[in-house]
Every structure is written in structure tokens, then in C-alpha cells.
Amino acid sequence: MSNAALFGFLSISAVSVFTFVSIAAWSDARRREREAFYKNETMRKLAESPSGGTAALELLREEARLLGGLITLAVGIGTWAFLRSIEPGKPLYILGLIPILVGLVLVGYSYLLAPKIE
């Protein structure tokens with residue numbers, strides 16, 4: 001009798017976990033869809049305003065600067081990890097610091113020094 005109870009418990013647990021994961025993924029997709037819709041609506045309203053075309057372009061440029069810095073930072077971390085695994089005894093992995101530092105500078109510039117959109 002205990003084997004049947006354990007099987008029932010594990011079956012219900014597996015169904016519950018997969019149901020939760022599917023609902024969480026669905027709600028995350030809906031949230032992302034709403035965010036994209038609101039962002040597109042904001043960009044459309046900015047572009048339709050009298051001087052909004054330049055503001056919309058500046059907003060896109062600021063996002064591109066930040067994204068470029070984050071991508072460069074991620075490439076640097078991946079390069080660092082890859083080079084460290086190739087030659088564990090040699091300090092070849094220090095070459096990965098170059099893109100890491102470039103990415104940090106780009107992200108820092110985007111947050112601290114870049115002109116802000118008003």
C-alpha cells in the first residue's frame with residue numbers, strides 16, 4: 001500500500017510542478033508582450049509629437065549604448081572563462097580582461113556621462 005501512496009504523491013507532484021512552470025512561462029510571455037506594446041506606443045507618440053522624432057532617436061541611441069556595453073561585458077566574461085579553461089597553468093585568461101574593461105567603461109559612460117534625454 002505504501003508504494004501506491006508514494007507513486008500517487010510523486011505523480012501529483014510532477015503534474016503540479018509542470019503546471020506551475022507552464023503558467024509561469026505563459027505569464028512571463030504576457031508581461032514581455034505588454035512591455036513591448038507599451039514601449040512601441042511610447043515611441044509612436046514620441047515620433048508623432050512636433051519635436052519628438054529627435055527624442056525618440058535619442059532614446060533608441062541611449063538604449064543601444066547601454067546594450068552595447070552589456071554585450072561587450074558578457075563577451076569579456078565568456079572569453080576570460082574560455083581562456084582560463086584552455087591553459088589552466090598560464091595567465092592567458094588575463095586577455096579576457098580587455099573586453100570586460102571596455103564593457104564596464106561603456107556601461108559606466110551610459111549611466112554616468114552620457115547626455116540624458118529630457
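A salt bridge is here a side-chain nitrogen of Lys or Arg lying within 4 Å of a carboxyl oxygen of Asp or Glu. In this predicted model, Glu-35 meets that criterion with Arg-31, since the closest N and O atoms of the pair are 2.8 Å apart, against a limit of 4 Å.

The chain contains three helices and zero strands, so that, read along the sequence, its pattern is α-α-α. The C-alpha trace, taken along its principal axes, spans about 75 × 55 × 20 Å. Of the 118 residues, 13% count as buried, and the accessible surface comes to about 9300 Å², with 72% of that area belonging to carbon and sulfur atoms. When contacts between residues at least 6 apart in sequence are considered, 53% of them join residues at least 24 apart.

Turning to charge, the chain has 12 positive and 10 negative side chains, and the centres of these two sets lie 4 Å apart. The structure holds four salt bridges, among them the pair with which this account began. Glu-35 and Arg-31 both lie in helix H1, where a spacing of four residues amounts to about one turn of the helix. Glu-35 is partly exposed, because its relative accessibility of 45% falls between the 20% and 50% limits, and Arg-31 is likewise partly exposed, with a relative accessible area of 34%.

Arg-31 also forms a salt bridge with Asp-28, the closest N and O atoms here being 2.6 Å apart. Asp-28 and Arg-31 are three residues apart in helix H1, which covers residues 2–48, and are therefore separated by about one helical turn. Asp-28, at 28% relative accessibility, counts as partly exposed.

Glu-41 is partly exposed, with a relative accessible area of 24%, and Arg-44 counts as partly exposed at 36% relative accessibility. As for the bridges that share partners, they join Asp-28, Arg-31, Arg-32 and Glu-35 into one network.

Conventions: Residues are numbered from 1 along each chain as its sequence is written. This is a predicted model: local features need pLDDT of at least 70, side-chain atom pairs count only at pLDDT 80 or more; totals for chains, interfaces and linings use all residues. Side-chain values use heavy atoms; hydrogens and water are left out. Helices (H or I, at least four residues) and strands (E, at least two) are DSSP runs, numbered from the N terminus. Buried means under 20% relative accessible area, exposed over 50%, partly exposed in between (1.4 Å probe, protein chains only). Contact means heavy atoms within 4.5 Å. Accessible areas come from the Shrake-Rupley method with a 1.4 Å probe; for residues, only the protein chains shown count as cover. Lys and Arg count as positive and Asp and Glu as negative; His and the chain ends are not counted. The place of a charge is taken as NZ of Lys, CZ of Arg, CG of Asp or CD of Glu.
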